[in-house]
Amino acid sequence: MSALNRVPSLMARAGTASALTLAAVGGSIVVPGAAGEAAAATVGTKALKVAASKKGAPYQWGATGPNRFDCSGLTLYSFKKAGKKLPRTAAQQYNKTRHISKSSRRVGDLVFFHSGSYVYHVGIYAGQNKIWHAPKTGDVVRLQKIWTKSVWYGRVK
């Protein structure tokens, strides 16, 4: 069993654990591109791990995986694998999340890119102002810095 798979049982034994506590009991948190938080067992961080595992998968408009994705297809696929159902489009996903402030964002939250009230792109927050996403035609699933201030944040309920 990998260390990441042991985290939920370690957390159950230790209660709410910090990353230092997990390290002290032999656990580790390995989520590519994620901040080192002890939230590895949350739905959002599970979805983030799924998205990161799709690194290099080609973008294809309308694709929902498992080998090709568009932006909302990647988030839909990732959260489905983590046990949560999301609607199909970025705008529908925004409307289905609990809206949160930038200061409240956590690893695994969704990041919605908007122009005015129009939501046109979505990714999964990976910490350190970066997201895992499927950017555009001709590109691949990858970790990238958030490039604009025109974003909203949502937490999957």
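Analyst: T42 is found in the loop between α2 (19–24) and α3. Helices (DSSP H or I, at least four residues) and strands (DSSP E, at least two) are numbered from the N terminus. This is a predicted model, in which local features need pLDDT of at least 70 and side-chain atom pairs pLDDT 80 or more, whereas totals for chains, interfaces and linings use all residues. Residues are numbered from 1 along each chain as its sequence is written, and side-chain values use heavy atoms, with hydrogens and water left out.

User: Why is T42 called partly exposed?

Analyst: Buried means under 20% relative accessible area, exposed means over 50%, and partly exposed lies in between (1.4 Å probe, protein chains only). The relative accessible area of T42 is 33%, so T42 is partly exposed.

User: With which side chain does the side chain of T42 make a polar contact, and what makes the pair qualify?

Analyst: The partner is the side chain of T45, at 2.9 Å. A polar contact is a pair of N or O atoms within 3.5 Å; within protein, one must be able to donate a hydrogen and the other to accept it, and residues adjacent in sequence count only if both atoms are side-chain atoms. The 2.9 Å between T42 and T45 therefore falls within the limit. T42 also has its C-alpha atom 8.1 Å from that of G108, 66 residues away along the chain.

User: Which residues of helix α3 are buried, and what covers them?

Analyst: In α3 (residues 43–53), the buried residues are G44, T45, A47, L48, V50, A51 and A52. Their cover includes α4 (71–81), β3 (118–127) and β4 (130–133).

User: What makes a set of residues a nonpolar core, and which members of the largest one touch the most others?

Analyst: A nonpolar core is a set of buried Ala, Val, Leu, Ile, Met, Phe, Trp, Tyr and Cys residues joined through side-chain atoms within 4.5 Å. The largest has 27 residues, of which F69, F79, L110, I124, W132 and V141 touch the most other members. Two or more residues each come from α3, α4, α5 (90–96), β2 (110–115) and β3, and α3 gives the largest share, five residues. A second, separate core of eight residues includes I100, Y125, I146 and V151.

User: How many salt bridges does the structure hold, and how do you know that D70 and R88 form one?

Analyst: There are three. A salt bridge is a side-chain nitrogen of Lys or Arg within 4 Å of a carboxyl oxygen of Asp or Glu. The closest N and O atoms of D70 and R88 are 2.8 Å apart, so the pair meets that limit. The two lie 18 residues apart and link distant parts of the chain, with D70 in the loop between α3 and α4 and R88 in the loop between α4 and α5.

User: Are D70 and R88 buried or partly exposed?

Analyst: D70, with a relative accessible area of 7%, is buried, whereas R88, at 27%, counts as partly exposed.

User: Why is H133 called buried?

Analyst: H133 has a relative accessible area of 1%, and therefore lies under the limit for a buried residue. H133 belongs to strand β4. The side chain of H133 makes polar contacts with the side chains of H121 (2.7 Å) and Q144 (2.7 Å). Leaving out residues up to four places away in sequence, H133 is in contact (heavy atoms within 4.5 Å) with residues including L74, V141 and W147.

User: Which residues make the nonpolar surface patch, and why can W147 belong to a patch?

Analyst: Y118, Y120 and W147 make a nonpolar patch of about 370 Å², areas being computed by the Shrake-Rupley method with a 1.4 Å probe, where for residues only the protein chains shown count as cover. Patches take residues with over 30% relative accessible area and no salt bridge, joining nonpolar side chains (Val, Leu, Ile, Met, Phe, Trp, Tyr) within 5 Å and like charges within 9 Å. W147 has a relative accessible area of 42%, so the area requirement is met. W147 is found in the loop between β5 (142–145) and β6 (151–155).
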